[in-house]
Amino acid sequence: MSDAAPAHQNGARRRWLIILGAVVLAAGVLYGLYWFFYARHFQTTDDAYVGGDIVAVTSQEPGAVIALHADNTQGVRRGELLVELDPIKAKVAVQAAEADLARTVRAVRTAFLKVNELRARQAAAQVALVQAQSDSHRRAIAGSAVSSEELAHARDAVTATQAGLRSAQSALEQGIADVRGTSVATHPDVLAAIARLRHAMIVLAHMRLSAPVDGVVAQRTAQLGQQIAPGMPLMAVVPLDGVWVDANFKEVQLRDIRVGQPVTVTADAYGGGVVFHGKVAGLAAGSGSAFALLPPQNASGNWIKIVQRVPVRIELDPRDLREHPLRIGLSVSVSIDVRDTSGSAVASPRILRQRRSLPADGGGPQLDRLIDRIIAQNAAP
């Protein structure tokens with residue numbers, strides 16, 4: 001009986017070891033099949049983060065902040081007013097530019113009228129010359145009946161009237177040259193005054209800072225009453241509808257990664273239940289360490305090989321972003337389907353998708369009407 005019990009225990013242990021080995025072998029076979037037919041066609045990493053544009057809102061003119069219409073975490077639409085600066089000096093400059101334009105139009109109109117006056121002076125000088133020449137000719141043919149002194153005075157009168165005619169002709173040519181090929185509205189002096197008025201209106205428009213894009217306000221530093229300088233950042237607007245993912249893959253994973261391959265992304269913020277879809281937009285031109293502030297110098301001292309990582313840009317489906325917004329800097333996990341390797345390893349040249357900021361046109365059609373009104377009021381006789 002004592003020998004039968006250990007033998008029974010050894011047999012049971014042997015059966016369990018066989019079962020365990022079979023389970024391990026089956027698991028290994030299943031994993032091998034899974035890896036060969038599926039997993040090896042995917043490259044994954046959790047060294048990936050959400051990236052996006054951070055559009056700075058800055059002032060182009062100096063001024064004092066008199067109103068704030070948005071704060072951090074608030075969503076804004078393109079064109080929505082964010083910050084107002086004190087417009088008093090800018091309004092005064094606009095009024096001065098309007099007066100300058102009116103004065104210039106009057107001066108140019110006077111220049112046009114002066115041409116007619118100079119033509120009349122030239123005509124009078126020509127008449128005076130004809131009379132002086134006639135008087136001199138009559139005295140010359142009179143012979144001894146006219147004294148030599150009177151004849152000399154007549155000749156001097158001809159010379160003087162000729163000089164007066166040349167002076168009148170020169171003044172007329174100068175006056176014509178000043179207005180030739182132009183009208184009051186197209187004269188260079190008037191155009192320069194219009195440009196000064198437009199500049200003043202643009203400066204006035206810069207006193208109201210609007211959101212350049214749709215997004216969420218972040219990094220607000222502007223305070224009421226603060227005196228700001230041109231180029232000083234006041235806040236930022238982050239367009240969350242255009243974020244992307246920068247996934248840092250090891251260099252040994254890059255062999256089959258191509259532009260356009262489908263990608264699935266899961267974010268830690270939403271868990272694995274929410275899957276974002278996208279595609280490979282391109283691979284960086286170098287590893288992360290190559291573009292670091294202090295790149296490594298492997299030619300000095302001891303050297304240890306370290307596997308490098310290369311950023312891969314992932315474009316996300318806008319519909320997924322609308323349903324589940326992502327914030328810049330969030331951690332995500334990325335899986336790239338590399339079965340289709342027909343794409344290019346380098347992104348082809350293409351037109352950059354631009355986000356245009358709002359222009360400060362300084363009045364637009366309203367300013368054009370103001371300019372036309374000022375010209376009409378001051379150019380009329």
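This report describes strands, a nonpolar core, an aromatic pair and a surface patch in a predicted model.

**The open sheet**

Four strands make up an open sheet, ordered E6-E5-E3-E8, with antiparallel pairing. At its edges stand strand E6 (208-210) and strand E8 (227-228); each has a single partner strand, so one side of each lacks a neighbour in the sheet. Within this sheet, strand E3 (residues 63-68) and strand E5 (residues 81-85) run antiparallel and are joined by three bridges. Leu68 has Val83 in E5 as its bridge partner. Strands of a sheet pair through backbone hydrogen bonds, either parallel or antiparallel.

**Strand E9 and its partners**

Strand E9 (residues 233-238) is mostly covered, as five of its six residues are buried. E9 is joined to strand E2 (residues 55-58) and also pairs with strand E7 (residues 215-218). The table lists these two pairings.

| Strand paired with E9 | Sense | Bridges |
|---|---|---|
| E2 (residues 55-58) | antiparallel | four |
| E7 (residues 215-218) | antiparallel | three |

**The largest nonpolar core**

The largest nonpolar core contains 26 residues, and Val265, Ile314, Val334 and Ile336 have the most contacts inside it. Two or more residues of this core come from each of strand E1 (42-51), strand E10 (244-250), strand E11 (262-267), strand E12 (271-283), strand E13 (309-316) and strand E14 (331-337). The element that gives the most is E13, with four residues. In soluble globular proteins, nonpolar side chains tend to be buried together.

**The aromatic pair**

One aromatic pair is found in a search of the whole structure. Its members are Tyr270 and Phe276, whose ring centres lie 6.0 Å apart; the ring planes are at 55 degrees, so the pair is tilted. Is each of these residues buried or partly exposed? Tyr270 counts as partly exposed because its relative accessibility is 31%. Phe276, in contrast, is buried, with a relative accessible area of 0%.

**A nonpolar surface patch**

Some nonpolar residues lie on the surface: Leu25, Val29, Leu30 and Leu33 form a patch there, and together they have about 400 Å² of accessible area. Leu33 belongs to helix H1 (residues 4-37). With a relative accessible area of 43%, Leu33 is partly exposed.

Note on methods:
Residues are numbered from 1 along each chain as its sequence is written. This is a predicted model: local features need pLDDT of at least 70, side-chain atom pairs count only at pLDDT 80 or more; totals for chains, interfaces and linings use all residues. Side-chain values use heavy atoms; hydrogens and water are left out. Patches are made of residues with over 30% relative accessible area and no salt bridge: like charges are joined within 9 Å, nonpolar side chains (Val, Leu, Ile, Met, Phe, Trp, Tyr) within 5 Å. Accessible areas come from the Shrake-Rupley method with a 1.4 Å probe; for residues, only the protein chains shown count as cover. A salt bridge is a side-chain nitrogen of Lys or Arg within 4 Å of a carboxyl oxygen of Asp or Glu. Buried means under 20% relative accessible area, exposed over 50%, partly exposed in between (1.4 Å probe, protein chains only). Two strands pair if DSSP finds at least two bridges between them. Rings of Phe, Tyr and Trp (its six-membered ring) pair if their centres lie within 6.5 Å; planes under 30 degrees apart count as stacked, over 60 as edge-to-face and the rest as tilted. A nonpolar core is a set of buried Ala, Val, Leu, Ile, Met, Phe, Trp, Tyr and Cys residues joined through side-chain atoms within 4.5 Å.
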